[in-house]
Amino acid sequence: MIKRQHTVTTFILLLSVLLALFSGGCAQNPVTGKSDFVLMSEDQEIAIGRQNHPQILKQYGEVNDAKLQRYVQNVGARVARISHRSNLIFRFTLLDSAEVNAFALPGGYIYITRGLLAYLNNEAQLAAVLGHEIGHVSARHSVRQQSAGAATGLLGAIIAASIDIPQASNLVNVAGTALVRGYGREHELEADRLGAEYLARSGYSPAAMLDVIRVLKDQETFEKTLAKQQDREPRVYHGVFATHPDNDSRLKNVVGRANALKVRNPRINRTGFLNNLNGMTFGAGEREGILRGRDFYHKPLGIALRFPKDWKVQNLPDRLLTHPLNRAAVMQITIEDINRRISPRDFMIQRMRLKNISHDERIRNADGMQGYTAIATVRTSYGNRKTRFVVMYFENRAYIFAGAGKNIRDPFQYDREFISVAKSLRRLRSSETRLATPLKIRIVKANKRTRFSRLARKSRITNNPEQQLRLLNQRYPRGEPANGEYIKVVK
């Protein structure tokens with residue numbers, strides 16, 4: 001009885017602390033004017049954006065085109081100037097990534113990838129994407145989510161400590177997770193509503209918000225089909241909903257409210273937009289390396305690789321992954337600097353900390369590069385498996401190849417392919433420089449005979465070029481160019 005009374009007293013005391021925290025964590029929402037529970041001041045919010053901005057640039061890189069960067073900044077600033085947080089200095093950055101994405105850090109740091117920009121077709125659509133992200137910042141969505149998550153975790157800890165029920169914190173955390181994730185739909189709709197309002201107030205038609213969502217929904221549909229063919233997860237823009245915008249009455253109603261703000265002669269600027277896109281990289285960039293069929297070329301590193309026939313390759317920012325069509329094996333390729341004058345074998349043992357290696361031997365490829373290979377049992381996506389490791393030295397870097405098979409009863413089923421990939425590493429030849437050059441968007445004028453099927457035959461796009469060209473020009477899935485229209489092609 002004494003313990004129970006102590007528990008109740010403790011709970012009341014802690015609850016009082018929690019209530020005090022809640023009352024002290026309220027701030028006026030810049031959009032609604034109402035009080036929101038937040039655990040972060042505006043100065044702290046800005047500091048988060050400022051501190052994380054360099055990390056974003058390090059991970060993705062900026063598109064090396066000062067004119068295009070200025071254009072994106074100017075369009076974004078035009079919209080942000082009339083937002084609910086016009087006191088902030090918004091920074092808009094075009095990231096050097098083929099991902100289809102746009103996002104915002106707290107405090108006014110907003111990013112759009114060239115992968116998303118490629119699918120837009122006029123300035124109003126660009127303004128719509130940036131306006132959506134400005135809406136997230138204006139309504140402090142990230143700050144509100146962080147505060148809700150922190151408070152929920154605190155509440156769970158208090159309840160668990162106070163009533164001696166181990167499962168209590170799990171129950172509260174589950175409820176809190178649902179609460180925070182539930183913001184997704186509401187926050188996206190609010191960002192669309194605010195973005196549409198900002199479009200209208202800055203001289204664009206609010207209908208551009210629905211227009212750009214249609215474009216991105218088409219891209220999402222195509223990407224999911226392509227991902228299924230390639231047996232991988234689709235990479236889609238976070239702001240696109242499950243249903244098509246034409247069938248989403250709530251979305252249309254939310255965006256349609258901005259129609260009350262009459263816009264005379266709304267700004268579209270398709271010509272200026274396309275002129276700025278002319279020459280922009282499409283797909284994998286030079287710093288990620290270029291895949292041409294079975295061959296991979298990386299100009300900055302000065303290397304080339306060849307993969308087995310019909311194997312799929314994923315070119316990720318920090319590694320290459322390759323696997324056969326049946327996914328019965330996987331190989332990962334990474335790079336590390338060599339900092340000490342040690343042999344490839346010692347690199348395996350000292351740097352990679354591989355233990356109990358077997359089947360080990362020195363190897364040399366046709367280009368004269370020194371290497372070492374061995375088998376070690378490590379944890380993989382299939383579980384503990386015997387894994388083929390190869391370390392190849394080239395200049396001052398170690399190229400690390402690690403391959404494992406799914407079938408535990410036949411661990412060496414793909415051993416020949418693993419070693420073949422590693423030994424294919426070689427110096428990039430001068431004659432291959434063009435192959436290591438990324439694809440570029442070019443703007444051309446269509447005539448009455450122009451068809452996407454004909455353009456696709458001349459395009460350097462490797463996967464479904466005809467449908468890709470339709471997506472790039474807002475003609476998906478069966479449209480054709482109009483006579484005299486300026487369109488995007490990829491060369």
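Q: Why are α3 and α5 called oblique to each other, rather than parallel or perpendicular?

A: In this predicted model, where local features need pLDDT of at least 70, side-chain atom pairs count only at pLDDT 80 or more, and totals for chains, interfaces and linings use all residues, helix α3 (residues 66–80) and helix α5 (residues 123–138) pack at an angle of about 60°, with their axes 9 Å apart. Angles under 35 degrees count as roughly parallel, over 145 as roughly antiparallel, 65 to 115 as roughly perpendicular and the rest as oblique, and α3 and α5 are therefore oblique. Residues are numbered from 1 along each chain as its sequence is written, and side-chain values use heavy atoms, with hydrogens and water left out.

Q: Which residues make the contact of α3 and α5?

A: On α3 the contact (heavy atoms within 4.5 Å) is made by Y71, V72, V75, G76, V79 and A80, and on α5 by E123, L126, A127, L130, G131 and I134. These divide into 9 nonpolar, 2 polar and 1 charged, where Ala, Val, Leu, Ile, Met, Phe, Trp, Tyr, Cys and Pro count as nonpolar, Asp, Glu, Lys and Arg as charged, and the others, Gly among them, as polar.

Q: What makes Q219 count as buried?

A: Buried means under 20% relative accessible area, exposed over 50%, and partly exposed in between, with a 1.4 Å probe and protein chains only; Q219 has 4% relative accessibility, and therefore counts as buried. Q219 lies in helix α9 (residues 207–229) and touches V100, Y119 and L471, not counting residues up to four places away in sequence.

How values were computed:
Helix = DSSP H or I, 4+ residues; strand = E, 2+ residues; numbered from the N terminus. Axes fitted to C-alpha atoms, helices over the stretch in contact; angles between N-to-C directions.
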